[in-house]
Amino acid sequence: MTGPDKQTIIASVPQQGFFGHPKGLFTLFFTEFWERFSYYGMRAILVFYMYYEVSKGGLGIDESTALAVMSIYGSLVYMSGIIGGWLADRIFGTSRAVFYGGILIMLGHLLLAIPGSAAMLFASMVLIVLGTGLLKPNVSSVVGEIYSERDHRRDAGFSIFYMGINLGGFLAPLIVGTLGMKYNFHLGFSLAAIGMLLGLTVFILTKKGNLGLAGTMVANPLSPEEKKSVFTRLGLGILAAAVLIAVAIPTGLLTFRGFIALVGILGILIPTLYFIVMYRSPKTTAVERSRILAYIPLFIASVMFWAIQEQGSTILANYADKRTQLDFAGLHISPAWFQSLNPLFIILFAPVFAWLWVKLGDRQPTIPRKFSLGLLFAGLSFLVILLPAYFGGSDALVNPLWLVLSYFIVVVGELCLSPVGLSATTKLAPAAFSAQTMSLWFLSNAAAQAINAQIVKFYTPETEMVYFGVIGGASILLGLLLFLLSGRIQGFMKGIK
């Protein structure tokens with residue numbers, strides 16, 4: 001449902017009640033808080049679980065392979081958002097997508113909680129990938145629905161929502177990470193499952209009173225004839241994929257390296273096709289086509305940013321484990337704790353940025369310029385972390401404050417880009433593709449991690465200066481280019497600021 005009918009739905013939602021924002025923000029804030037607690041708790045210990053020796057409770061997977069698996073896993077998590085967005089837009093709406101996704105995520109964490117083999121690990125990954133694809137983009141889309149298009153609280157509301165995401169992300173590595181690393185990995189995964197259960201409980205108990213009709217309407221529903229065709233094709237596609245996998249793996253046609261390459265191709269190909277489909281759709285107006293063109297450079301900038309930020313759970317996690325002095329100031333630091341730094345800094349500074357954008361009003365930087373600032377800070381965060389090797393060599397353990405500084409700088413960039421990107425996506429999205437455009441935003445993360453899966457193999461303590469320098473320098477150059485083109489990009493947005 002679009003146009004006046006959708007605005008009627010939005011108007012039916014209570015407009016005050018949670019820090020001066022609609023009451024629905026409370027429901028979405030705490031649903032996402034617990035979902036992120038479960039996901040980041042699992043992620044804080046997963047790479048260590050994979051490459052630690054069996055005698056230490058791990059699976060004993062080769063270290064470089066474990067890093068690539070983490071990147072591919074992250075890529076597929078965000079890539080599956082396209083499926084979740086399509087299902088929400090065409091079949092059952094965003095609210096039900098959030099609920100079904102939470103159930104799948106909880107089941108995935110429960111599988112990890114059961115001691116088992118690599119097969120159990122990959123089965124849990126499938127459930128979490130599908131569940132996050134349903135929940136993650138659609139809960140953000142509902143946030144957009146509880147505000148009118150011209151509500152000046154919108155960016156501030158997304159910043160508050162983003163703070164909820166990161167509050168869960170901050171606590172999870174400290175609690176789940178400590179339990180998993182100190183006692184037993186599977187106890188940590190059990191706690192992640194409990195976190196998702198709490199998130200589902202909050203959503204079910206408060207959605208009716210707080211969200212009203214937001215998230216319940218299907219934006220572009222399938223006709224009965226289309227449903228029959230889609231389900232037939234889907235069933236045949238799943239069957240064909242199962243047969244191909246069953247044949248390709250035993251015969252050696254599909255190897256792990258080949259799968260990484262395939263995901264890398266899909267990470268670029270899927271968003272490209274999506275831009276083409278939305279742009280050429282007869283349901284997209286001329287104004288919406290112009291906004292799609294404006295969105296493309298923002299998407300590319302987002303890919304570059306997340307390629308750096310998401311290495312916090314792969315390269316920098318390994319850096320914390322292998323290259324960092326973990327006995328510091330009389331305290332033994334768990335390598336999992338460093339993954340709390342990013343959300344901690346966001347919790348501290350997200351309110352500052354939310355206040356700043358409201359205070360500046362029409363004088364704040366444009367959306368493209370905020371993105372360019374995000375890229376500049378992301379690049380700088382990688383240039384900072386190469387300095388310890390420059391000063392002390394690749395053999396000496398590094399003072400943990402270098403990692404703290406790197407995480408802090410990338411967070412400054414994240415606050416310029418990520419919540420602004422969420423809000424801009426809801427503004428620039430064609431009406432017929434609202435949830436799917438939010439899925440497209442998360443595809444920038446999928447593309448970034450698909451690229452990371454290809455490049456993490458080039459990282460070693462001996463090559464870290466070149467590794468961090470090349471990637472950081474590329475981000476800074478792209479940020480400068482985006483800044484220079486920001487005026488033209490703004491013109492294509494057709495009134496969106």
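Guide: A residue is called buried when its relative accessible area is under 20%, exposed when over 50%, and partly exposed in between, using a 1.4 Å probe and protein chains only. This is a predicted model, in which local features need pLDDT of at least 70 and side-chain atom pairs count only at pLDDT 80 or more, while totals for chains, interfaces and linings use all residues. Residues are numbered from 1 along each chain as its sequence is written, and side-chain values use heavy atoms, with hydrogens and water left out.

Visitor: What percentage of the 497 residues in the protein is buried?

Guide: The protein has 17 helices and 4 strands; these are DSSP runs numbered from the N terminus, with helices (H or I) of at least four residues and strands (E) of at least two. Of the 497 residues in the protein, the buried share is 55%.

Visitor: Is Lys370 buried or exposed?

Guide: Lys370 belongs to helix α13, residues 367–385. Its relative accessible area is 2%, and therefore Lys370 is buried.

Visitor: Which residues does Arg291 touch, not counting those up to four places away in sequence?

Guide: Arg291 lies in helix α10, residues 286–309, and is buried, with a relative accessible area of 12%. A contact means heavy atoms within 4.5 Å. With residues up to four places away in sequence left out, Arg291 touches Lys427, Leu428, Phe492, Met493, Lys494 and Ile496.

Visitor: Which helix gives the most to the lining of the largest cavity?

Guide: On a 1 Å grid over the protein atoms alone, a cavity is a set of points where a 1.4 Å probe fits but cannot get out, and lining residues have an atom within 4 Å of a point. The largest cavity is lined by 30 residues, and Glu414 is one of those nearest its centre. Helices that each supply at least two residues of this lining include α10 and α15 (400–428). The helix that gives the most, with 6 residues, is α6.

Note on methods: On a 1 Å grid over the protein atoms alone, a cavity is a set of points where a 1.4 Å probe fits but cannot get out, and a pocket is an open set with protein on both sides within 12 Å along at least five of seven lines; lining residues have an atom within 4 Å of a point.
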